[in-house]
Amino acid sequence: MKKRGLLLGCALATLLLGGCTPKFQAVPPEALFAIRPSSGVAPLNVVCDGSLSFSEKGKLVEYIWDFGDGTRALGPIVSHTYRRGGVYRVTLEVYDEQGLSSRRDAQVEVQFPPPAPSFVFAPWRPGTGETIWFDASASTSPNGKIVEYRWAFGNGDWATGEKVGYMYWYGGAYPVTLTVIDEAGAQATVTQVIEVLGGPGCGG
Amino acid sequence: MLAVATSGGAASLSVGSSAQWFLVSMPSLNQFVRLVNETVRFVNERVASDPVPLLRELTQGVGLRLTETFGGTLRVGLQMAMGNVTTRTQGAWASGGTSHEVSVALDAGLVAFMAEVALVLVPDILSVSISAGWGSSRLGHRCVFPATLPTDWSLPFLPKAEDKTYTASGPVGTASVQVTFPLGRGASAGFEIGYRLAPPAVPRVGTVVLDLNADGLGDPVSFTGLWLGLAVRMEFDL
């Protein structure tokens with residue numbers, strides 16, 4: 001009789017111990033979201049849909065978004081505009097009714113908008129051996145200052161600087177290309193064709 | 001030991017087997033199942049092709065138990081138990097002339113060897129038993145999932161493509177009650193109800209731990225839970 005009691009006691013203990021294992025463990029919620037788009041040119045409006053998040057036990061009561069640029073938002077579906085280029089980490093943190101939380105993050109790549117290169121030159125119809133002055137000071141950039149000006153004169157020669165002078169030894173049409181690079185590293189080019197007359201110019 | 005084993009009645013050798021249907025609780029793996037399902041559902045709603053079926057959660061499985069005991073009223077012996085829980089889905093999203101194949105399968109199994117002590121409460125009809133031993137569990141994860149979804153949305157979590165079998169081992173214990181009906185010539189058949197205690201263990205492949213939901217924490221697998229079984233037993237007088 002004693003043995004039977006012991007055996008039944010062991011069986012009961014096993015059952016009780018079993019009941020305390022993972023079945024009743026607190027399972028945190030799962031933060032899951034979709035993002036659109038995940039890359040693009042600034043200003044970039046991004047929609048974040050966190051309604052895919054779920055909790056095993058109870059419903060989600062809080063959605064906290066961190067857009068990685070110092071701004072935050074609340075709610076299952078939010079949108080945010082990135083004004084400047086860069087790589088940002090979007091983080092969603094969700095809380096369930098029991099106060100348990102989890103987070104997940106995604107990367108958003110925002111490219112800087114390109115600068116707007118522009119240049120003028122004089123004289124308008126230069127001749128061979130005549131110095132042509134190129135001026136790119138009208139170029140602008142939404143990302144700050146332009147830090148580099150590169151000129152390609154269409155014959156293999158090149159130069160740098162905001163304002164440069166150059167003379168051609170042979171007449172013809174030359175595509176002159178200006179490339180500007182701003183302080184954010186964004187660059188853009190513009191090309192104009194210059195007609196160089198076969199003889200010396202008239203302006204000098 | 002032999003004295004204990006044979007005390008309380010004529011000694012006999014009993015060989016039994018039972019087919020089991022069991023319940024399991026695998027919260028971490030089911031968390032992954034739900035993650036996959038949410039992802040699949042999200043894409044299904046945005047792609048104009050046949051939807052990919054969702055995964056079923058891992059809640060129940062089937063198994064087999066083989067026992068061999070000696071003794072009379074109090075019997076001792078060995079037990080081997082096997083169990084398997086599986087879920088899988090397969091399909092494809094067609095978008096822009098491209099087919100994006102989806103195939104996810106989780107296959108969890110347990111093999112355990114245990115020492116068993118059984119007490120015959122009503123000869124040939126009612127007995128209870130407990131057992132303790134060591135078990136090896138495995139988790140096969142086969143996954144093919146598009147790295148880029150066929151939508152203009154992107155998700156930070158996508159199931160990782162892999163074909164791996166993770167393994168773990170640990171102690172296993174059971175307690176069960178068997179009710180059988182004599183069929184004659186030492187044979188009996190009936191049913192059993194039992195509970196298996198297998199503490200959660202995180203399976204590994206080498207040094208890589210199972211982390212399906214990519215949260216940096218291992219995903220434990222446990223075969224703890226209730227089972228129901230159909231049992232057949234043969235008894236031989238010694």
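In what order do the 5 strands of the open sheet in chain A stand? The order is 2-8-7-4-5, and the pairing is mixed. This is a predicted model, in which local features need pLDDT of at least 70 and side-chain atom pairs count only at pLDDT 80 or more, while totals for chains, interfaces and linings use all residues. Residues are numbered from 1 along each chain as its sequence is written, and chains are lettered from A and ligands numbered from 1 in the order in which they are written.

**Terms to know**

- Strands are DSSP runs of E with at least two residues, numbered from the N terminus.
- Two strands pair if DSSP finds at least two bridges between them.

- Strand 4 (residues 60–66) and strand 7 (residues 86–96) of chain A run antiparallel and are joined by 6 bridges.
- Have a look at Glu62(A): opposite this residue, in strand 7 of chain A, stands Tyr95(A).

**The antiparallel sheet of chain A**

- Another open sheet has 4 strands in the order 12-11-14-15, with antiparallel pairing.
- At its edges are strand 12 (158–160) and strand 15 (187–196) of chain A, each pairing on one side only.
- Neighbouring strands of this sheet are turned by 20° against each other on average, direction ignored.
- Between strand 11 (residues 146–152) and strand 14 (residues 172–182) of chain A there are 6 bridges, in the antiparallel sense.
- Val180(A), in strand 14 of chain A, has Tyr149(A) opposite.

Notes:
Axes fitted to C-alpha atoms, helices over the stretch in contact; angles between N-to-C directions.
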